[in-house]
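Please go through this model with me and set each label against the definition behind it. I would like to see how the values lead to the terms.

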Amino acid sequence: MTLDQQIQVWNAVGTWLAGIATFAAVVVSLRLASRYDRVRLKTYAGIRLLYIGDGTPAQELVEINVTNLGERPVTISTVGWAIGKGKKRRYCIQNLSGPYTSQYPIELTHGKSASFQVFFPVTPNWLSDFSNKFTASGEESLSTLVATVHTSVGQTVEVKVEDNLINKLMEARTHS
């Protein structure tokens, strides 16, 4: 193979490598652009203790906490609950109570959090009412209980509730 032929082979190889690199750059840029538009929320729901620090005893509350992990701002329009599966699934929107709860709608930029609370001293019958009226179809249905976070763009994020809340709901159901 002559030197001219070797140069032509390496020229073709270089052209192919440049084409592959260009294709890879386009794929990466499209993936990054689609990730920017996606709503990414870290959410948890469970029983918490609130210590005020003025010597009063700790107070229990239910908290649904939402953190925006995505790059774009997200407006939380409501939070609530869903239970059951398929056609028997039921939904409810949560009324909020307490001195430190966020109110909706609330806009969360990247890294910001909101805490939606049901403060038991303000709504003392919440556990028994919720357990006996919304989740009353049987103990097995409590395993399907999820907290729901609804955004202003129509997306809903669901998260399984923590065991401490399920235990409190079972306890409230048996004591009513």
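Q: What makes the nonpolar surface patch, and which residues belong to it?
A: The patch covers about 860 Å² and is made by M1, V9, W10, V13, W16, L17 and I20. Patches are built from residues with over 30% relative accessible area and no salt bridge, nonpolar side chains (Val, Leu, Ile, Met, Phe, Trp, Tyr) being joined within 5 Å and like charges within 9 Å. A salt bridge here is a side-chain nitrogen of Lys or Arg within 4 Å of a carboxyl oxygen of Asp or Glu, and accessible areas come from the Shrake-Rupley method with a 1.4 Å probe, only the protein chains shown counting as cover for residues. The model is predicted, so local features need pLDDT of at least 70 and side-chain atom pairs count only at pLDDT 80 or more, whereas totals for chains, interfaces and linings use all residues. Residues are numbered from 1 along each chain as its sequence is written, and side-chain values use heavy atoms, with hydrogens and water left out.

Q: Why does W10 count as exposed?
A: Exposed means over 50% relative accessible area, buried under 20%, and partly exposed in between (1.4 Å probe, protein chains only). W10 has 63% relative accessibility, and therefore counts as exposed. This residue is found in helix α1 (residues 3-37), where helices (H or I, at least four residues) and strands (E, at least two) are DSSP runs numbered from the N terminus.

Q: Why is A33 called partly exposed?
A: A33 also lies in helix α1, and its relative accessible area is 42%, so the residue is partly exposed.

Q: How do you know that the buried residues of α2 line one face of the helix?
A: In helix α2 (residues 126-134) the buried residues are W126, L127, F130, S131 and F134. Seen down the axis of α2, these fall within an arc of 120°, and so they line one face; the arc is that of the directions from the helix axis to the C-beta atoms.

Q: What makes β1 and β6 the edge strands?
A: The open sheet of three strands has the order β1-β2-β6, with antiparallel pairing. Strands β1 (41-50) and β6 (113-119) each pair on one side only. Two strands pair if DSSP finds at least two bridges between them, and β2 (residues 59-68) and β6 have seven, in the antiparallel sense.

Q: How do β3 and β4 pair, and what lies between them?
A: Strand β3 (residues 74-83) and strand β4 (residues 90-93) pair in the antiparallel sense over four bridges. They form a hairpin with six residues between them, and G84 in the turn has a positive phi of about 95°.
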